[in-house]
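Here is a short report on a two-chain model.

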Amino acid sequence: MDVIRSKPGVFPGIVEAPSQQDLKIEQRRARDFLKGDLAGQELEEYVESRLLTTTLSKAGAWAASNALFPATFGLACCAIEMMSIVASRVDIARFGFEAFRASPRQADIMILSGRVSIKMAPVVRRVYDQMLEPKWAIAMGACSSSMGVFNNYAIVPADKFMPVDIHVPGCPPRPEALAHGILKLRKMIQDDPDLGWRARYDAEKTAELMPGYELSEELTTPPSEPYVLDEPVAATPTEGEGA
Amino acid sequence: MATTERSAYRQMEDSITMDARLERFGTVDGGEHELLTVNLGPHHPATHGVLRLLVTLQGEVVIDLRPIIGYVHTGIEKTAEQKSYWKAIPVVERMDYLAYMFNATAYCGAVESLLDLEVPKRGQYLRVIHMELNRIMSHLVWLGTSALDLGAMSMFWFCFRERERILDLFEQSTGQRMHTRYIQVGGVMEDIPRGFEEKLREFIAIMPKRVGQYRDMLYKNEIALQRLKGICPLDEESLLALGVTGPLLRAAGNPWDLRKADPYCSYEDFDFKIPVGTEGDNWDRLAVRLAEMEQSVRIIEQALDGLPEGPHITEDRKIALPPRHELGTSMEALIHHFKLVTEGFRVPPGEHYYPIESPRGELGCFVRADGSSKPARVHMRDPSFVNLQATAPMTRGTYIADLIATLAMLDPVLGGIDR
């Protein structure tokens, strides 16, 4: 089956949720508006709407971080300890983490539980690509973080081929250690989801498209004038914003 | 892809096609039914690891099946050649990751045979206790995950509850839950600590009752009965021809168990029975393993009662590290310690194959020594690898749902298969 990888681009007909960067841009715009272009009632309404967006995104992050669906993806020894976090002693269900999903389409976190061989690495990357945004990854154990005790020709650390948010050390880590890693990730999602990992690993918008879907040229070509955060923003409100 | 030269192995890998294998089977029913080839894995929740199966189906019936392995190939055998004998134990342990005590015992047994080294009786008994605990733990993980494959969630909770008890015991005596590196060349790493015996006695008192609970949950469960009874049997001759050992062979009625057939680690001292099945179907495979857990408890009880006094590891200072307290007072001990840690001990040239009975069958370790402090070759005869051959003969002509159940009852551990 041929899989078309689109990058950059979005699915046709799907409106994207505002990303963190877009929010930052809009907040900067709002600050610029405060310089005198807007006044009185309009200003208050504008800021209120911006505030609502940020609060919404925070609420979304809170909800997402407390209901993570991990992909059922066992590789080696660590998979057994990963199973035992679901069992009664650690009981990760307390943090809404127990719903392991067999399909990557339904999962939003991947736990790399064990050694990733060179033969397995493309499969892992493909499963990761099949997961929908927003998605996170935990490298569990020494092997998937640093090749561990083996350190030989057959093993490849996860950082070489996919972005990893949390590394859990151990060989294998205790279930408590993995639970600690999950709580760290939870905190990370709640505070600021974007740490720039995905951009650095070239992993943004790599979701696969089924054959038959064609992307219009408009969607596949990057915008001609990218918005640069460091440059001052011209205070020219568009028509829709009614300035 | 075509620009670089591809190795013979990669070319062979390319030859695995996803086409329906019509060329081998021809058309079925005069071309009325089409054959369909389905890919299962390597990421599939019911394959117990990263096993990949190409299944040729006619409707829902499995016509043929081809396992593709190597997705957790770790190069452990090669890595062991680059480490001194006693430093290779941690990597060898990680082969079959549910039977780490067995991996270490097979490897250490081979090295001890090459060294012509006698393990003290207490060391042997402690090995037996830990191996049998490990066997129960491995069967518990198997039972929990297999029941998950059949759709029973609660078995998983119960099995992992008991597994935690065993891992607590391991943690107490060895310091680690998994991959304990407890088995040493010449004996075991440390004597059991104070309080271990009481906890172990508590466990062996409770475990037979728990096995009874598992039976209560499964033996009267309509779904389990329907899914397992009479499903995918294979007779003794075919299993022997394929080299299958362990609970799968015993389920077919052959009482082959290396603990009885070729006792090692003083297994001849203990009184235990070998559970065998009659039909060789999935139900017998389940029943045999459940009965094996009870027998393991019996062995542990006897080993604990008859635990002899004496050293837990050989007194030969050329092989085993001296006790910590000697290092401060004895020059000799310091020299031995230094030599062992820097270079390791040397093993006279020769080769040896040391088979033991792992939870999955005959686990044998072959070690060839060239006189240096590193092994020239370490090879494992892993039971999962050999048993996997039986998947196709077992499942030909059955439904694909039964294939999943059979795979669960086969209990393959991919870490052991790929190594």
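The text below starts with the basis of the values and then turns to the interface.

This is a predicted model, in which local features need pLDDT of at least 70, side-chain atom pairs count only at pLDDT 80 or more, and totals for chains, interfaces and linings use all residues. Residues are numbered from 1 along each chain as its sequence is written, chains are lettered from A and ligands numbered from 1 in the order in which they are written, and side-chain values use heavy atoms, with hydrogens and water left out.

**The interface**

Chain B puts 41 residues into the contact and chain A puts in 33. Contact here means heavy atoms within 4.5 Å. About 3100 Å² is buried between chain B and chain A, and carbon and sulfur atoms give 62% of that area. Buried area is the accessible area (1.4 Å probe) that two parts lose on being put together, summed over both. His43(B), Thr74(B) and Arg94(B) supply 20% of the area that chain B buries against chain A, more than any other three residues.

Between chain B and chain A, 16 residue pairs are in polar contact, with both residues at pLDDT 80 or more. A polar contact is a pair of N or O atoms within 3.5 Å; within protein, one must be able to donate a hydrogen and the other to accept it, and residues adjacent in sequence count only if both atoms are side-chain atoms. On the side of chain B that touches chain A, the elements giving two or more residues are α1 (8-14), α3 (76-81), α6 (121-149) and α7 (154-174) of chain B. α7(B) gives the most, with 9 residues. Helices (H or I, at least four residues) and strands (E, at least two) are DSSP runs, numbered from the N terminus.

**Salt bridges**

A salt bridge is a side-chain nitrogen of Lys or Arg within 4 Å of a carboxyl oxygen of Asp or Glu. Over all chains the count is 34. Across the interface of chain B and chain A there are 5.

| Pair | N to O distance |
|---|---|
| Asp168(B) and Arg89(A) | 2.7 Å |
| Arg177(B) and Glu81(A) | 2.9 Å |
| Arg125(A) and Asp129(A) | 3.1 Å |
| Arg215(B) and Glu294(B) | 3.1 Å |

Arg177(B) lies in the loop between α7 and β4 (183-184) of chain B and Glu81(A) in helix α3 (residues 77-86) of chain A, so this pair joins two chains. Arg177(B) is buried at 2% relative accessibility, and Glu81(A) is buried at 1%. Buried means under 20% relative accessible area, exposed over 50%, partly exposed in between (1.4 Å probe, protein chains only).

Arg125(A) and Asp129(A) both sit in helix α4 (residues 121-130) of chain A, 4 residues apart, about one turn of the helix. Arg125(A) is buried at 17% relative accessibility. Asp129(A) is buried at 0%.

Arg215(B) and Glu294(B) form a salt bridge. The pair links distant parts of the chain: Arg215(B) is in helix α8 (residues 196-219) of chain B and Glu294(B) in helix α13 (residues 282-305) of chain B, 79 residues apart. Glu294(B) is partly exposed, at 24% relative accessible area.

A network of salt bridges links Glu132(B), Arg135(B), Arg250(B), Asp257(B), Arg259(B), Glu292(B) and Glu357(B).

**A strand pairing**

Strands β6 (residues 350-358) and β7 (residues 361-369) of chain B pair in the antiparallel sense over 9 bridges. Strands pair if DSSP finds at least two bridges between them. A hairpin through 2 residues joins β6(B) to β7(B). Pro355(B) stands opposite Gly364(B) in β7(B).
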